[in-house]
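Biologist: Could you walk me through this one? I have not looked at it before.

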Amino acid sequence: MILRPQARDLRLIASFLGKIVLAFGMTMVLPIGVAVLFGERVPVIDFTVGLLAAVCCGLLLMSLARPAEKAEVAWVHGMVVVAAAWLACMFLGAVPMYLSGHWGSYLDACFEAMSGLATTGLVLVQDLDHLPHAVNFWRHLLMFLGGQGVIVVAISLLVRHGPGAFQLYVGEARDEKILPNVIETAKFIWLVSFVYFVLGATLLSACGRFAVGLPWRDAAFHGVCLFMAGFDTGGFTPQSQNIVFYQSWVFELATVVVMVWGAINFNLHYAIWTGRRAELRRDIEVRTFLATMTLVVVLVALGLAQSHAYSGAWGFVRRGVYQAVSAHTGTGFQSVYAPELLATWGPLALVGLLLAMGLGASACSTTGGIKMLRVGIIAKAFREDVKRFLTSESVVVTTRLRHLRDVFLDDRMVRSAALIMLAYILLYLAGAAAGCLFGYDFLSALFESTSAAGNVGLSCGLTQPLMPAGLKVVYIVQMWFGRLEFVSVFVLIGFLVSFLRGK
Amino acid sequence: MKNRPLFVIGLFCCALAAAPPAWSAVTAGELVAAAPLAAQPPGAGGPVSAEELIAGAREYDGRLVVFEGEVIRAVLPRGDHAWVNLHDGTAAVGVWVPLAATAEVRYAGQYKVRGDWVRVRGVFHRACPEHQGALDIHAEEFTVVAAGGPVAEHLGGGKVFALAVLLGALLCLLTFNLLNRKRARR
């Protein structure tokens, strides 16, 4: 029997949602600082409007809760709060972007905000090369906040000691705690991110100055932005030409380092930090990633050879391998122009990229897609089944896998991995069907759909301001589902349905 | 050496991509033959747009083209040459040009700055062999046809109004919350 939610449930959800929205709004102080630094007056007003809108919404929601009321936070509350919070952050994050006048409609700004928060990287911005620094910084900051997790931000800033932090944390598609306590886990995620931020931004800024030839101020700005987009496997870039703008293999190499580092499980980062570096070699995710990356590179190589896209090995490495790494880590940086993929790459190379985008990288990282842990588990399950047929019936076949510790493969694990994998495949296909419905050919529709649902951001040119509004909404929903890995969004839908059908 | 298989696969892929196999429908020789060098781009003698160049890269490959666009962000020096990214309103393309020719460039486009408008005549490459497969133009002539300059910021009245309304709403909410808390304490 489905229970109809009560007023108490709504007040509890509103209270948490209010805190998250408030914490999110407070982050708009950072782009205001950037605007002041670059002497941009109008963006200061735009972001103040955005900040005030978020603070007002947050306070309004919090005022709905009764201060004296003590309620127990159930899983359903956590899940509903997370799914709703991501939508609320999208709507509020889009406000200063829309006010800048660089997006054709509020829907376009919402698309870009969700693309940033979900670390996807598909863009609808117009005249990006003349965008204010503050707004450009905000686009990349959205990736940093979304990558670490909007909830992790809120837990760190406002939802500190109250109950419900764990439910919120899990709702954001993070089922692995790094440390026993969620607050400590959130702190660790920020510590790791800030240390890498300093190192990565310095590396990219230095490359921007010395290898690309940008002036120091631009090099530092691009370094900071690209680190946030690269480490959080997002894929936004400050210039319209994406990575092509920099025209430097040294810079591309630096972004590869950042992308791969960001695609690693935070638990593995913790293992590396605590001196257990051998885990990098033994972990099932890293091994699966290497195997699938090899497969993707071979497919891309065959495809590029078939279509005669590049005449030299260096061309293949700088364009082909770079795109493969970008797709597999779920980043979406492009060292080729989007229309080139369809026009000159050939279908086989695109299939390689599709495979990479669909599979994704590590669980408990900022990447999207099916994820290597699930792919590894399903591959091991297949192997176990084949082994069972080949051995005597009296033999008990067991499979062990290494993910932070030794684990024996069981049916529940395989079922859970297979279900999520199936859900992702259906999501990719649903988006492709929507693309076909709007008149695009199947391959480009599937490519863009997989990119959106897998939170990758590579584009073959379909995503642009003039595409149908319906398709923009489809991609927003796909990015939302993909980032939260279905469960919390389905719980939110179920929660809304229970208003009508519950007793 | 534990990583030998991966190393071998890497070498194999490089070789494969660099030397197109014979099973493919179109051979490299046919492609070269299909794109003879021409004095004029397919779209007559006027400037060709970046969008056309990118979408029709195979047709324009190796041809002499005329392209116009705004200098974006900065001139990126590389020894005695430089990269200049030009945006013509449809997309941006990288232009490889002798460094001395860029001396005329004073403004590069960014927020509050309109970059110099430049006209380039040069050879278009779909996958430049000199720049590891980059889509670029090697300029033979590089002329600034219109100077850029600073652009003033414009603050619309609507934004100030929205700011005032939100400030009022915030004050009301803060007062309401304060009263609510006092009542709850009592």
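**Chain A against chain B**

Modeller: Between them, chain A and chain B bury about 5,300 Å², 64% of it on carbon and sulfur atoms. Buried area is the accessible area (1.4 Å probe) that two parts lose on being put together, summed over both. This is a predicted model: local features need pLDDT of at least 70, side-chain atom pairs count only at pLDDT 80 or more, and totals for chains, interfaces and linings use all residues. Residues are numbered from 1 along each chain as its sequence is written, chains are lettered from A and ligands numbered from 1 in the order written, and side-chain values use heavy atoms, with hydrogens and water left out.

Biologist: Which residues in chain A lose the most area to chain B?

Modeller: His130(A), Gln247(A) and His308(A), together 13% of what that side buries.

Biologist: How many residues are in contact?

Modeller: 63 of chain A with 60 of chain B, where contact means heavy atoms within 4.5 Å.

Biologist: And how many salt bridges between the chains?

Modeller: The count is 3, taking a side-chain nitrogen of Lys or Arg within 4 Å of a carboxyl oxygen of Asp or Glu. One of them joins Asp46(A) and Lys159(B) (3.0 Å, N to O).

Biologist: New topic: how do H19(A) and H21(A) cross?

Modeller: The axes of helix H19 (residues 411-437) and helix H21 (residues 469-484) of chain A come within 10 Å and cross at roughly 175°. That makes H19(A) roughly antiparallel to H21(A), a term for angles over 145 degrees. Helices here are DSSP runs (H or I, at least four residues), numbered from the N terminus. Axes are lines fitted to C-alpha atoms over the stretch in contact, with angles from 0 to 180 degrees between N-to-C directions.

Definitions and conventions:
Helices (H or I, at least four residues) and strands (E, at least two) are DSSP runs, numbered from the N terminus. Angles under 35 degrees count as roughly parallel, over 145 as roughly antiparallel, 65 to 115 as roughly perpendicular and the rest as oblique.
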